[in-house]
Amino acid sequence: MTSEAAVNPTGEQYEIAAGNRRAVVTEVGATLRSYTVDGRDVVAGFAADQVISGGRGMQLLPWPNRIRDGRYTFNGKTQQLVLSEPARHNAIHGLVRHQPWRLISHTADRVEQRIRVYPQPGWPGIIEATIVHTVGDDGVVTNESVTNIGTVAVPYGYAAHPYLTVGEDTVDDVVISIPAERYLAVDDRLLPVDLLLVEGRDEDMRTAAPLGQRSFDTALSGLARGADGRWRARLERGDRWAELWAGEGLDWVQVFTGNERRDLSIAVEPMTCGPNAFNPGPTHDGVIVLEPGETAAHEWGIDGV
């Protein structure tokens, strides 16, 4: 028995557009699968019939990045999450990446999706998260909000995982700038050791320069914001540019360039907190505590040519 039409690995595909800008968001993960301007890719995504790899375009909640051994203590109770990164013995990137999100509305330039996260091993509460993608004069803009609809307080963190592109074959000749004054030193499991100044190091990207042979899988903070309250990370190559901005509360960014491979494009991930934030250490002050009935919200966007 065969179906009339094959089901995409990321479920339904929601196209939104305005003028020369076009984006596609998927049912699975509320994922930003593609974003183009004048037909040129600004987001390095994937095809509709492909399985997501490398977290491309996914929403990460109720925590971003890694939690050491998948274990943390909150309100006096130790929680044990599933080790979703077994090679490093960590829990990684939250609980909703591979889940279908319910469609709330879909218009020509806007799509709204929602998901509930219920109690499960390592996660004690109930939250409802909403993601809205809109295409307009500011590019593609993502609004995230989450409400604690349960009866117990929960820790919370949010991030997204887009890859940006300026038409490069390898990342080496991409000019990159990120206005961050601190970087997170990590151990061999990519877990926090110390938060240090970028001055005089490869991690100093405050002045635009080609990436060259530098490789990063690095969290950065101390991000300088403009008069509009946003910080901006920018990639350039020839007449091409791609820029990610983030608003209030998104005080961290993870930059991933690939290590052995140099053709992966560059992930620029806005985050509310750094790795292992649910545990004491240099990233812990970024945790949001959501009491029952409380809501947190964040906004970020991408544009380019």
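How many bridges join strand β11 to strand β12, and in which direction do the two strands run? In this predicted model, eight bridges join β11, covering residues 110-117, to β12, covering residues 127-136, and the two strands run antiparallel.

## The β7-β8 hairpin

Strands β7 (residues 71-74) and β8 (residues 77-80) also run antiparallel, and four bridges join them. Within this pairing, Thr73 stands opposite Thr78 in β8. The two strands form a hairpin with two residues between them, and in the turn Asn75 has a positive phi of about 50°.

## The surroundings of Arg189

Arg189 is placed in the loop between β18 (180-186) and β19 (192-197). Its side chain is joined to that of Asp69 by a polar contact of 2.8 Å, while a polar atom of the Arg189 side chain also lies 2.9 Å from the backbone oxygen of Arg88.

When neighbours within four places in sequence are left aside, the residues in contact with Arg189 are Arg66, Arg68, Asp69, Arg88, His89 and Asn90. One of these contacts, Arg66, is also among the residues that lie nearest the centre of the largest pocket.

The largest pocket has a volume of about 230 Å³. Its lining consists of 14 residues, and those nearest its centre are Gly54, Arg66, His93, His161 and Tyr163. By residue class, the lining of the largest pocket divides into three nonpolar, seven polar and four charged residues.

The second largest pocket holds about 190 Å³ of space and is likewise lined by 14 residues, of which Val82, Ser84, Ile92, Gly94 and Leu95 lie nearest its centre. The lining of the second largest pocket is made up of eight nonpolar residues, five polar residues and one charged residue.

Technical notes: Residues numbered from 1 in each chain as written. Predicted model: local features only at pLDDT ≥ 70, side-chain atom pairs only at ≥ 80, totals over all residues. Heavy atoms only, no water. Polar contact = N/O pair within 3.5 Å; in protein donor to acceptor, adjacent residues only side chain to side chain. Contact = heavy atoms within 4.5 Å. 1 Å grid on protein atoms, 1.4 Å probe; cavity = no way out; pocket = protein on both sides within 12 Å on 5 of 7 lines; lining within 4 Å. Points joined across faces, edges and corners; volume = space filled by probe spheres on them. Nonpolar A, V, L, I, M, F, W, Y, C, P; charged D, E, K, R; others polar. Pairing = 2+ DSSP bridges.
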